[in-house]
Amino acid sequence: MNTLSILGSTGSIGCNTLAVVRANPDRFQVLGLSARNRIEELAAQVREFHPRWAVVESEADVQRLATLVDGQDCEILWGETGLTRIASDPAVESVMSAIVGAAGLLPTMAAVGAAKRVLLANKEPLVMAGEWIMAEAARSGAVLLPVDSEHNAIFQCLPDDYRVGQPVQGVGVTGIVLTASGGPFLDRQGDLESVTPEQACAHPNWRMGPKISVDSATLMNKGLELIEASRLFAIAPEQVQIVIHPQSLVHSLVQYQDGSLLAQLGPADMCTPIAHALAWPQRIPAGVEFLDLLSVGRLDFHAPDEDRFPCLRLARQAIESGGTAPTILNAANEVAVAAFLDGEIAFTGIPRIIRATLERLQPAEAASLGEVMAADRAARETARAALRDSDRRAQRS
Ligand code: NAD
Ligand code: MG
């Protein structure tokens, strides 16, 4: 039995992780679950999986959950202390990091520092503070397993003895090809000024939480993934090519110096990379449909349009600038996406707010994780000020 904590168990990745656990009841024992909202769903998970701990956001939620799970032998914890506990307790072997946004940084760091097997779905901490996470893993000996479908595909195409964090150049890799679906607006005619949050969240191939769905629609998701790939696989961003592949069946590719291009294919179902990371180096059933190439028929690939989707260029510029530029990019994107989802700005306002934030702040080399977190806070304030300015301009016109 492998013991497991899930940070963000009520989200899209969290629920898919529990689906894989449910399909493999003799292999995994859930020790910790956590959620910020959807407490009823968390209660149902507690009743089904009998974890030792469940973590909620605030002290007020503790009583709410306790009432819902009355009679269960489950300790209810709250806040950052609770998350850190389920991420680092000695009884826990694997931690699924599936909170959304930079909020996952500290619990993920706690799991890495405690030398867990850390299953990384939550990509924003890797963009915000990737160098610090990788350095902490190298120090502690934590095993990092990518869950993001592209990075999991890349990992599957690397040699068996390759460990995340090692430069892939050392195993003969000359480049990585990251595939992107192109999102819901790939073929949409006309400008994107008036698209709604509902349209942005209606992804053609994947069912995901709202933040990553909007990121997929702006293509910022691929920009974040470019930075994520360069951190996880210690590869220069220029060696990562981004290719639009609307079918989302080839999940990414690795190019070797002998001319080989290895790919991982499968249905667009996160249960595959989750099962791979949960069981690595073994293989387990994931409960997914198999891919029938004859019914697929064709696979298309083309270049992304960075004028129509400027977030991609902003992300590439941020990783090339280095220092805290990716931290600023990520923070501004989180603020802008939340404002778009709340109906405060247009879809096209997202890259505008990010660009304005990057222009107003000077990226610097951070000397500690504390400095990275300070850069994140400053970028959020600057992005909010940019939002207020754009609001004022909109009212004047
Ligand atoms: P989601 O919004 O569906 O779920 C997020 C989970 O985190 C929920 O359980 C929520 O309660 C919890 N949470 C949110 N904010 C929190 C906070 N401040 N503190 C504590 N808990 C909090 O998100 P998701 O789509 O499952 O994505 C999770 C992460 O995985 C993201 O970083 C995303 O980029 C990444 N990811 C998701 C997918 C996917 O298919 N959904 C694919 C690849 C990568
Ligand atoms: Mg992805």
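## Close-up views of a predicted model

View 1. Leaving aside residues up to four places away in sequence, Leu369 touches Leu105, Met109, Ala129 and Trp132. Leu369 itself lies in helix H16, which covers residues 369–396, and this model, like every view below, is predicted rather than experimental. With a relative accessible area of 19%, Leu369 counts as buried, because the cut-off for that class is under 20%. The C-alpha atoms of Leu369 and Met128 are separated by 10.0 Å, although the two residues are 241 residues apart along the chain.

**View 2. The open sheet of seven strands.** The strands of this sheet follow the order S4-S3-S2-S1-S5-S6-S7, and their pairing is parallel. Strand S4 (75–78) and strand S7 (143–146) stand at the edges with a single partner strand each, so that one side of each is left without a neighbour in the sheet. From one strand to the next, the twist averages 25°. Within the sheet, strand S2 (residues 28–34) pairs with strand S3 (residues 53–56) in the parallel sense over three bridges, and Gly32 stands opposite Trp53 in S3. Helix H5 (residues 105–113) packs on the sheet, where it touches strand S1 (2–7), strand S5 (94–97), strand S6 (117–120) and S7, and the direction of helix H5 makes about 145° with that of S6.

**View 3. The open sheet of four strands.** Here the order is S9-S8-S10-S11, and the pairing is mixed. Strand S9 (240–244) and S11 stand at the edges, and since each has a single partner strand, one side of each is left without a neighbour in the sheet. The twist in this sheet averages 20° from one strand to the next. Strand S8 (residues 173–180) and S10 run antiparallel and are joined by four bridges, with Val173 standing opposite Tyr256 in S10. Helix H7 (residues 149–156) packs on the sheet and touches S8, S10 and S11, its direction making about 40° with that of S10. Helix H10 (residues 220–232) also packs on the sheet, touching S8 and S9, and the direction of helix H10 makes about 160° with that of S8.

**View 4. The hairpin of S10 and S11.** Strand S10 (residues 250–256) and strand S11 (residues 261–265) run antiparallel and are joined by five bridges. Ser252 has Gln264 in S11 as its bridge partner. Four residues lie between the strands of this hairpin, in which Gly259 takes a positive phi near 100°.

**View 5. Ligand 1 and its surroundings.** Ligand 1 is surrounded by 22 residues, of which the closest are Thr10, Ile13, Arg36, Glu124 and Gly209. A backbone N or O atom of Gly209 lies 2.9 Å from an oxygen atom of the ligand, and a backbone N or O atom of Gly11 lies 3.1 Å from an oxygen atom of ligand 1. For Lys123, a polar backbone atom is 3.5 Å from an oxygen atom of ligand 1. Of the 830 Å² of accessible area that ligand 1 has on its own, the protein covers 90%.

**View 6. Glu334 in helix H14.** Glu334 has its place in helix H14, made up of residues 325–341. Its relative accessibility is 15%, and Glu334 therefore counts as buried.

Definitions and conventions
Residues are numbered from 1 along each chain as its sequence is written. Chains are lettered from A and ligands numbered from 1 in the order in which they are written. This is a predicted model: local features need pLDDT of at least 70, side-chain atom pairs count only at pLDDT 80 or more; totals for chains, interfaces and linings use all residues. Side-chain values use heavy atoms; hydrogens and water are left out. Two strands pair if DSSP finds at least two bridges between them. Helices (H or I, at least four residues) and strands (E, at least two) are DSSP runs, numbered from the N terminus. Buried means under 20% relative accessible area, exposed over 50%, partly exposed in between (1.4 Å probe, protein chains only). Axes are lines fitted to C-alpha atoms, for helices over the stretch in contact, and angles run from 0 to 180 degrees between N-to-C directions. Contact means heavy atoms within 4.5 Å. A residue is near a molecule or strand if one of its heavy atoms lies within 4 Å of it. A polar contact is a pair of N or O atoms within 3.5 Å; within protein, one must be able to donate a hydrogen and the other to accept it, and residues adjacent in sequence count only if both atoms are side-chain atoms. Accessible areas come from the Shrake-Rupley method with a 1.4 Å probe; for residues, only the protein chains shown count as cover.
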